[in-house]
Amino acid sequence: MSKPDIKQSYPEHPSLAAVSIAFLKVSLYGIGGGGGLVWARRITVDQQRWISEQDFADIVSLCQFMPGPNIVGIAVCVGTRLRGAIGAVAAVSGFLLIPWTIGFIVGVLCLQHAQNPVLQHILGGISAAAAGLLVATGLRMMLPHRGSPAAVIFASLGFLLMALAKLPLLIVLIGLAPLSIAAAGFQIARAR
Amino acid sequence: MSDPSILAALTARLALLSSISFGGFPTVLPDVRHFVVVAHGWVTDQEFTNYFALAQSIPGPNMILMMSFVGWKVWGLPGALASAVATFGPPCTIYFASYSLWDRFRDARWQETVRRGLVPVTIGLVIASGTVMARAADVDWQAAAVTIAAATLMLSTRLNPLWMLLAGGTLGGLGLL
């Protein structure tokens, strides 16, 4: 239905294998909650230049509103954007098939052994670095919007309500989105 | 544990929960725990916690892996596969349908307004998840320094972030964190 439009807007669409391999990397490199986002942005926006910073931010917003693992949603949406439905299948298969198989086997083996302290320390160090990467990815995404006071205010409010007030993500989203959209509407109307 | 109705019940419940997991799968973890630990006793509380910690530290689709461990415990390999599919299948369909709809109105004026409003809030939430993760991971000042160094390097250099993960893991393994 909307597939021809997608292809028209991105004439040099990548091969299905390239899309699949890109999300295989996103999956294998992304450790811990939110880790995949760091790599999805780095690979699709910075390295391959398949989609713009704005398109990526759009997709992340949309995925936050939908049920399910957000990073799988990013794979579905980027795949669809690049190659339509078949692109979504390629992205999700790349993301899931090999990493799931490896992770499942490793996991079942680990569960049979007691918690190894050295392993725990290694994982702790990786998590600390991964947290820094996620913060940096958010700041990178903010760069194009730093000139807009409303954007800075609503980004800060979202940050404060979730990080400091510790409200659930969905509550923050439902509370702030209408206000932020209204502010954007006002800004656009005034600019015309 | 070989009763097929158990497999069907687990799969159906996971498919239902994944379809309503607005805000990400972790939001329905308490419901999953209630179903498999409290209501049915298929998994112990300790096992459930172990699955979570393990899934968080393995690269890859962590929530899908965690549900696969639950499925593995309840019904072996078929249970693991069915649980994985029930966790990602329904959301994938929903993501595809909503993105196709969103993409069709790409040039509509209202979408420009919605986009400009939503994106900053989303970005604030991404930065917040990073700091929430940091609070859990940064057990001492050395770990906090690793977090800050990783963020700074990623912002100011083109260095591959894998090096920062490797450095964090090495420092941790040497007992320096």
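**Figure 1. Crossing of α2(A) and α3(A) in the predicted model.** Helix α2(A) passes α3(A) in a right-handed crossing. The structure shown is a predicted model. The axes of α2 (residues 16–29) and α3 (residues 35–47) of chain A come within 8 Å and cross at roughly 150°. On the α2(A) side the contact is made by Ala22(A), Lys25(A), Val26(A), Ser27(A) and Tyr29(A). These face Gly36(A), Trp39(A), Ala40(A), Ile43(A) and Thr44(A), which α3(A) brings to the contact. By class, the contact of α2(A) with α3(A) holds six nonpolar, three polar and one charged residues.

Figure 2. Chain A contains eight helices and zero strands, and its pattern along the sequence reads α-α-α-α-α-α-α-α. Its C-alpha trace spans about 65 × 45 × 25 Å along the principal axes. The domain assignment divides chain A into domain 1 (3–145) and domain 2 (147–192). The centres of these two domains, taken over C-alpha atoms, are separated by 25 Å.

**Figure 3. The contact between chain A and chain B.** Chain A provides 91 residues and chain B provides 83 residues to the contact. On the side of chain A that touches chain B, the elements giving two or more residues are α2, α3, α4 (53–65), α5 (70–111), α6 (117–142), α7 (149–164) and α8 (169–191) of chain A. Of these, α6(A) gives the most, with 23 residues. The side of chain A that touches chain B comprises, by class, 62 nonpolar, 26 polar and three charged residues.

**Figure 4. Crossing of α6(A) and α7(B).** Helix α6(A) and helix α7 (residues 161–173) of chain B have axes that come within 7 Å and cross at roughly 145°. The crossing of α6(A) and α7(B) is right-handed. From α6(A), the contact is made by Val118(A), His121(A), Ile122(A), Gly124(A), Gly125(A), Ile126(A), Ala128(A), Ala129(A), Ala130(A) and Leu133(A). From α7(B), the residues that make the contact are Pro161(B), Met164(B), Leu165(B), Ala167(B), Gly168(B), Gly169(B), Leu171(B), Gly172(B) and Gly173(B). The contact of α6(A) with α7(B) divides into twelve nonpolar, seven polar and no charged residues.

**Figure 5. The bend in helix α4(B).** Helix α4 (residues 62–104) of chain B spans only 32 Å between its end C-alpha atoms, whereas a straight helix of 43 residues would span 63 Å at 1.5 Å a residue. At Trp75(B), α4(B) bends by about 145°.

**Figure 6. The domains of chain B.** The domain assignment of chain B gives domain 1 (4–104) and domain 2 (109–173). Taken over C-alpha atoms, the centres of domain 1 of chain B and domain 2 of chain B are 26 Å apart.

Technical notes
Residues are numbered from 1 along each chain as its sequence is written. Chains are lettered from A and ligands numbered from 1 in the order in which they are written. This is a predicted model: local features need pLDDT of at least 70, side-chain atom pairs count only at pLDDT 80 or more; totals for chains, interfaces and linings use all residues. Domain bounds come from an automatic or database domain assignment. Axes are lines fitted to C-alpha atoms, for helices over the stretch in contact, and angles run from 0 to 180 degrees between N-to-C directions. Helices (H or I, at least four residues) and strands (E, at least two) are DSSP runs, numbered from the N terminus. A crossing is left-handed if the near helix is turned anticlockwise from the far one by less than a right angle, and right-handed if clockwise. Two residues are in contact if their C-beta atoms, placed from the backbone, lie within 7 Å. Ala, Val, Leu, Ile, Met, Phe, Trp, Tyr, Cys and Pro count as nonpolar, Asp, Glu, Lys and Arg as charged, and the others, Gly among them, as polar. The expected span of a helix is 1.5 Å times one less than its number of residues. The bend at a residue is the angle between axes fitted to the seven residues ending there and the seven starting there.
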